[in-house]
Amino acid sequence: MAQGTVQVTHTGTSRWRRRTGEYASLAAALEAASDGDVLTVAPGTYRENLVVQRAVTLRGPEGSPGSVRIAPVDGVPLTVRASALVQDLHVEGQDSAAPALLIEDGAPELTDVRVMTRSAAGIEVRGGARPTLRRCTVDNPGGVGIGVLDGGGGVFEECEVVAAGQSGVAVRAGGHPRLERCRVHHTSGAGLSVTGEGSGLEAVGCEVYEIKGSGVHVAARATAHLTDCGVHRTTSDGVTLDTDAVLTLADCRIHDIPENAVDLRSRSVLTLTRTTVREFGRNGLSVWDPGTRVDANQCEIHDSTGDYPAVWVSDGATAVLESCRVHDVPDALFVLDRGSRVDVVDSDLTQVRNTAVSVSDGATAQLDDVRIRDAATGAWFRDHGSGGVLAGCTIDGSQTGVIITKGADPTVERCTVTSPAEAGFYVSAGGRGSLDRCKVVGSGGYGFHVIDGCRTTLRRCRTERCARGGYEFAEDGPLVEDCTSDESAGARPAAPEPAVQTATQTAGLLGSVPGQRTTEEQAAAEPAQQSRPSKAVLGELDALVGLESVKREVRALTDMIEVGRRRQEAGLKAASVRRHLVFTGSPGTGKTTVARLYGEILASLGVLERGHLVEVSRVDLVGEHIGSTAIRTQEAFDRARGGVLFIDEAYALSPEDSGRDFGREAIDTLVKLMEDHREAVVVIVAGYTAEMNRFLSVNPGVASRFSRTITFGDYAPEELLRIVEQQAEEHEYTLGSGTGEALLKYFTAIPKGPAFGNGRTARQTFEAMVERHAGRVAQLVAPSTDDLTLLYPEDLPDLPDLA
């Protein structure tokens, strides 16, 4: 057979027809062929637009795959409208407005057909066509790989879309194909896209990867069923559902996704069975909007590569996880917004860096027989309206087992918290909750820690081997019935314990948990503290070197408070004075000392109960996870009750590149505590001037809580000299002849870099002089009193390098 010819083998039995024939063009051969005839195409390139309208066999020569090219200049290269057999052809199209291979009717079978084109679609199936395609490939960087629309269907077996400028497989307008063991990759749109009411897709054993859009996109009332399929290496979400879409994933694998592994919204429904989701950059499951629902059974979600919850449910959506495993993630499950609900049954949440279950903004979570292990926080019910039920759950190896804050009101029953580093159950900031038959074993802190007078109910709870004590309650605290403790913990903290209010006021925890003290016992145990008169404290302030502007500011505040107190005693209105302060300035300028004296002054005026100073910094407030940060900040605030909480380098709580930094949580907790307990604690934040200005500007909620900023200027050389003179007098040394002048020159010349500590530098200079003096005098056999006390210029240390 000559190159470029088509041999037709006729199957008809009529005597006037030839049994075989050769034709110079495919069009002529197709015109001459009848149903059942075989058209064997010789190798070559055919610039024809072919239309197959009879049930013929159209094939290339055996043993020469790809040798027959159908490549017209424009239009559709090959159209099939009958139940034909097409084999071993290479189809090339150039028309961006038309498909390369169009199947419009019948049930044709296409095998080993390769489509290389830059067309609107590589293969398009439409109308009543129900083709079967085996081992066909599509390379179409100009448009859709395979399109099935207008009611078209068919089966695609072991087919491959090697490139597509849009979706790899696009199903719309009632199309409903089945894909078996197909591969779709290197597409610029979705890998599989199914849209429109009546549209559906079934895929078995398929792989979708290297996708620039979503791996699978189902929308607008379409449905899809994927079994034993893999979706990986996308640039967008792995699977997306939108607007009443329905998708079932069974035995599937979704991994290496930089965004959400699965994202669904707008009343979409997803069912996952025995499916694995791993290595995702945002959420493993992201579920939004009322009516949207996920049902997951025997699934595994793990190894997040980002910093987001593995399961996110919000805006009224619902998720059900049964017999699932979630592990090695930043947070396991976040459910938020009123109407949102999560049900988790017989599942494991393990290796969670932050919070296993977080419930907020009025959402609900129901956990039954859930095992939480190695999570920073087991479950956190965050705010008013948030609640649900934890039943028969275990939490092992957490920092904090269960946290209930800001009016949240869950029911927790038959739950056991084992070996928490901090509290087993922690309730604060108006949290409520009902804890029934719960148990805490081996806590590094308290078993049940309820503060702020929270009205939590505890019934039949038990603690064992809790390091700081089984139960710690604030005044007017929880209602307690039949709770017990093994009382095997060590000694109670030295700080006074608050009274415990029980459900009956006479029985319950007071009878069953030894070690709790009544208010009378507490008062007897607490030593009396007498405040110095304000004049004595102000005298000590005046004695400090320098700080003239600071002294004026403190005196002005003191005068305002004193006059306000006297006006109240006279029955007059007193101006409201916010006592919280911002101290700005370099290190060593006396900020801590003034804060201590300020607390004493307020105590002497009756504004603060004790006036003591509690000094903290970022490391004392910010934990390694969300739960511990709130607890640390609360505990620091509690230690400062009746006095001053002094936060040094406060700007470190709000770094410029904060990301998910937990310092912001410390700030939020602190702001609320300052508002709720404004009369109990004075808060002073301190740090470098520029950094504190930035801190206040990016946290307006913090800035609004402070009455004024006091700037501590650097000490002049003369003031540093006075500090050295004071140190010398205190330690019974004397500055010898010329030493004062030498010190002035020294402090003038000393580099004023970031390491320069002002008053601290003066004290360090004196200590260095004493050390050098000792080295000099130790060489004398019989030193005189002058030798032992006089400091000379040669005792000055060398000037430090500029830091």
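**Helices 12 and 13.** I looked up the axes of helix 12 (residues 717-730) and helix 13, which come within 9 Å and cross at roughly 130°; axes here are lines fitted to C-alpha atoms, for helices over the stretch in contact, and angles run from 0 to 180 degrees between N-to-C directions. Helix 12 is therefore oblique to helix 13, given that angles under 35 degrees count as roughly parallel, over 145 as roughly antiparallel, 65 to 115 as roughly perpendicular and the rest as oblique. Helices (H or I, at least four residues) and strands (E, at least two) are DSSP runs numbered from the N terminus. The crossing of helix 12 and helix 13 is right-handed; a crossing is right-handed if the near helix is turned clockwise from the far one by less than a right angle, and left-handed if anticlockwise. On the helix 12 side I listed Pro717, Glu718, Leu720, Leu721 and Val724, and on the helix 13 side Gly740, Leu743, Leu744, Phe747 and Thr748, where contact means heavy atoms within 4.5 Å. By class, this contact of helix 12 with helix 13 has 7 nonpolar, 2 polar and 1 charged residues; Ala, Val, Leu, Ile, Met, Phe, Trp, Tyr, Cys and Pro count as nonpolar, Asp, Glu, Lys and Arg as charged, and the others, Gly among them, as polar.

**Basis of the model.** I note that this is a predicted model, in which local features need pLDDT of at least 70 and side-chain atom pairs count only at pLDDT 80 or more, while totals for chains, interfaces and linings use all residues. Residues are numbered from 1 along each chain as its sequence is written, and side-chain values use heavy atoms, with hydrogens and water left out.

**Helices 13 and 14.** I then followed helix 13 (residues 739-749) to helix 14 (residues 759-777), and found that their axes come within 12 Å and cross at roughly 130°. Helix 13 and helix 14 are therefore oblique to each other, and helix 13 passes helix 14 in a right-handed crossing. Thr739, Leu743, Tyr746 and Phe747 of helix 13 make the contact with Ala762, Thr765 and Met769 of helix 14. I count this contact of helix 13 with helix 14 by class as 5 nonpolar, 2 polar and no charged residues.

**Helices 5 and 6.** How do the axes of helix 5 and helix 6 cross, and within what distance do they come? The axes of helix 5 (residues 548-569) and helix 6 (residues 591-604) come within 11 Å and cross at roughly 15°, which makes helix 5 roughly parallel to helix 6. Their crossing is right-handed. I listed Val550, Val554, Leu557, Thr558 and Ile561 from helix 5, in contact with Val594, Tyr598, Ile601 and Leu602 from helix 6, and these divide into 8 nonpolar, 1 polar and no charged residues.

The protein chain comes to 15 helices and 66 strands, and of its 803 residues 53% count as buried, buried meaning under 20% relative accessible area, exposed over 50% and partly exposed in between (1.4 Å probe, protein chains only). Among contacts between residues at least 6 apart in sequence, 51% join residues at least 24 apart. The largest nonpolar core has 132 residues, of which Leu78, Leu226, Leu270, Val357 and Phe448 touch the most other members; such a core is a set of buried Ala, Val, Leu, Ile, Met, Phe, Trp, Tyr and Cys residues joined through side-chain atoms within 4.5 Å. Strand 43 (residues 348-360) gives the most to this core, with 5 residues. A second, separate core of 28 residues includes Ala640, Ala650, Leu653 and Ala666.

**Leu78 and Val52.** Leaving aside neighbours within four places in sequence, I find Leu78 in contact with residues including Leu50, Val52, Leu58 and Val86. Val52 lies in strand 5 (residues 50-52) and, at 1% relative accessibility, counts as buried. Val52 and Glu31 are 21 residues apart in sequence, yet 9.2 Å apart in space, C-alpha to C-alpha.

**Positive phi.** Thr243, in the loop between strand 29 (239-242) and strand 30 (246-250), has a positive phi of about 55° although it is not a glycine. Asp244 lies in the loop between strand 29 and strand 30, and its phi is near 60°. Thr243 is partly exposed, with a relative accessible area of 32%, whereas Asp244, at 19% relative accessibility, counts as buried.
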